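Hello,

Here is the structure I promised to hand over. My notes on what turned up follow below it.

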Amino acid sequence: MNRRQLTHAPLLQAARGETPDHTPVWFMRQAGRSLPEYREIRANIGMLDSCFNPELLAEITLQPVRRHGVDGAILFSDIVVPLKAAGVKLDIIPGRGPVLDHPLRTRADIEALPVLEHEITEVAQGIEIILDELTDTQTLIGFVGAPFTLASYLVEGGPSKNHIHTKALMHNEPETWKLLMEKITATVTAFLQTQMHAGIDAMQLFDSWAGFLSEHDYRSYVQPYSAQILEAAQGIPRIHFGVGTGELLPDMAAAGADVVGVDWRVPLDRAAERIHRVSGRATGLQGNLDPAILFAGEKTIADEIARITSEANAAISSGDAVGHIFNLGHGVLPETDPDVITRAVELIHR
């Protein structure tokens, strides 16, 4: 395992509760459709093909670091990459997302679900290329999807607004649900190990759909499996993020996250107080500019950056948080002007 020893990388310093010389920032979906160079290099190449091409995934990962000067590169990938590598028949349909040939609805379907048992060499090779270009102040963040979100794609057959079949399986067949989550957890852990062996500096566990769960369901049916993945990432900073998870933030912290990502709906100081009071842990914070604010003009952007930074500083001063990594409350929207993103990074760094 060739991990870089980075002592002056601001993102890692913030994640460890140290004091960097500026607020570190990266943006979810920064390596994506907002960049003309991304659209050009991805022309006529499918999403999954891009994720399994070492040179291409490295180039896409590095594009926003070069353009925007962000402190972190997020590995270009998709949450279904380890499922595809394990042999699950699926594809990513433009404008829709991951779609399966055959949704998993029965015990037999889930028993037949393959588990990833090998390293994904293309991803490891891509990481090697990325690390060769990053400086010792720039962090490479690994990318893995959380078991609940992956389970929903598998059971629903694609993106879902209500997760009807997923929740029905969870409640009606808890043993079958347990088998599904155990298999997904093993696959995600194997994908994470590929990235860790290749030398990622930190990792983020994305649970895109966790906000559709109640506290009870999250704790009973989801948290134990996310905790296993975060446990497997010991030794590097672990970020955990979900959308619409204001009520679940303490439980996401209790799963083992060093840094909890907060979407734009909850002020950072209030989120930190909630996490600390309920979980008993003061974690790092990540977030939480509304992606739509990047369309609102420079004064509004500057005001919002100042407000969010102030809330984070208040949480750190009160002892409810130990550090802050600036980010959006979700991903960069495809229509966002790249020059606005670059300017936002400059404002945050100041």
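Buried means under 20% relative accessible area, exposed over 50%, and partly exposed in between (1.4 Å probe, protein chains only). Helices (H or I, at least four residues) and strands (E, at least two) are DSSP runs, numbered from the N terminus.

Before going on, a word on the source: this is a predicted model, where local features need pLDDT of at least 70, side-chain atom pairs count only at pLDDT 80 or more, and totals for chains, interfaces and linings use all residues. Residues are numbered from 1 along each chain as its sequence is written, and side-chain values use heavy atoms, with hydrogens and water left out.

β2 pairs with strand β3 (residues 97-100) in the antiparallel sense, over 4 bridges. Two strands pair if DSSP finds at least two bridges between them. Ile92 has Pro98 as its bridge partner in β3. The two strands form a hairpin with 3 residues between them. Gly95, in the turn, has a positive phi of about 85 degrees.

**The main sheet**

An open sheet is built from 7 strands, with parallel pairing. The order is β1-β4-β5-β6-β7-β8-β9. β1 (72-74) and β9 (321-328) stand at the edges with a single partner strand each, so one side of each has no neighbour in the sheet. On average, neighbouring strands are turned by 25 degrees against each other, direction ignored. Axes are lines fitted to C-alpha atoms, for helices over the stretch in contact, and angles run from 0 to 180 degrees between N-to-C directions.

Strand β5 (202-207) is mostly covered: 6 of its 6 residues are buried. Ala202, Gln204 and Phe206 point one way; Met203, Leu205 and Asp207 point the other. Strand β4 (residues 139-145) runs parallel to β5, joined by 5 bridges. Phe143 has Gln204 as its bridge partner in β5. Another 5 bridges join β5 to strand β6 (residues 238-242), also parallel. There, Asp207 stands opposite Gly242.

Further along, 3 bridges join strand β7 (residues 259-261) to strand β8 (residues 283-289) in parallel. Val260 has Leu285 as its bridge partner in β8. Helix α14 (residues 268-279) lies across β7, β8 and β9, at about 150 degrees to β8. Helix α15 (residues 298-318) also packs on the sheet, touching β8 and β9, and its direction makes about 160 degrees with that of β9.

**The core**

Which residues touch the most other members of the largest nonpolar core? They are Phe27, Leu154, Trp177, Leu180 and Met203, out of 120 residues. Helix α10 (residues 174-198) gives the most to this core, with 11 residues. A nonpolar core is a set of buried Ala, Val, Leu, Ile, Met, Phe, Trp, Tyr and Cys residues joined through side-chain atoms within 4.5 Å.

Leaving aside neighbours within four places in sequence, Met203 is in contact with residues including Ile141, Val144, Leu192, Ile229 and Ile239. Contact means heavy atoms within 4.5 Å. Leu154 is among the buried residues of helix α8. That helix (residues 147-156) has 10 of its 10 residues buried. Gly157 follows α8, with a positive phi near 90 degrees.

**The largest pocket**

The largest pocket has a volume of about 1,400 Å³. Of the 41 lining residues, the closest to its centre are Arg29, Arg33, Met47, Asp78 and Gly97. β2, β3 and β5 are the elements that give two or more residues to the lining. The method uses a 1 Å grid over the protein atoms alone: a pocket is an open set of points where a 1.4 Å probe fits, with protein on both sides within 12 Å along at least five of seven lines, and lining residues have an atom within 4 Å of a point. Grid points are joined across faces, edges and corners, and a volume is the space filled by probe spheres set on the points.

Gly331 lies in the loop between β9 and α16 (338-349). Is Gly331 buried or exposed? Gly331 counts as buried, at 2% relative accessibility. Beyond four places in sequence, Gly331 is in contact with Met28, Arg29 and Pro291.

Best wishes
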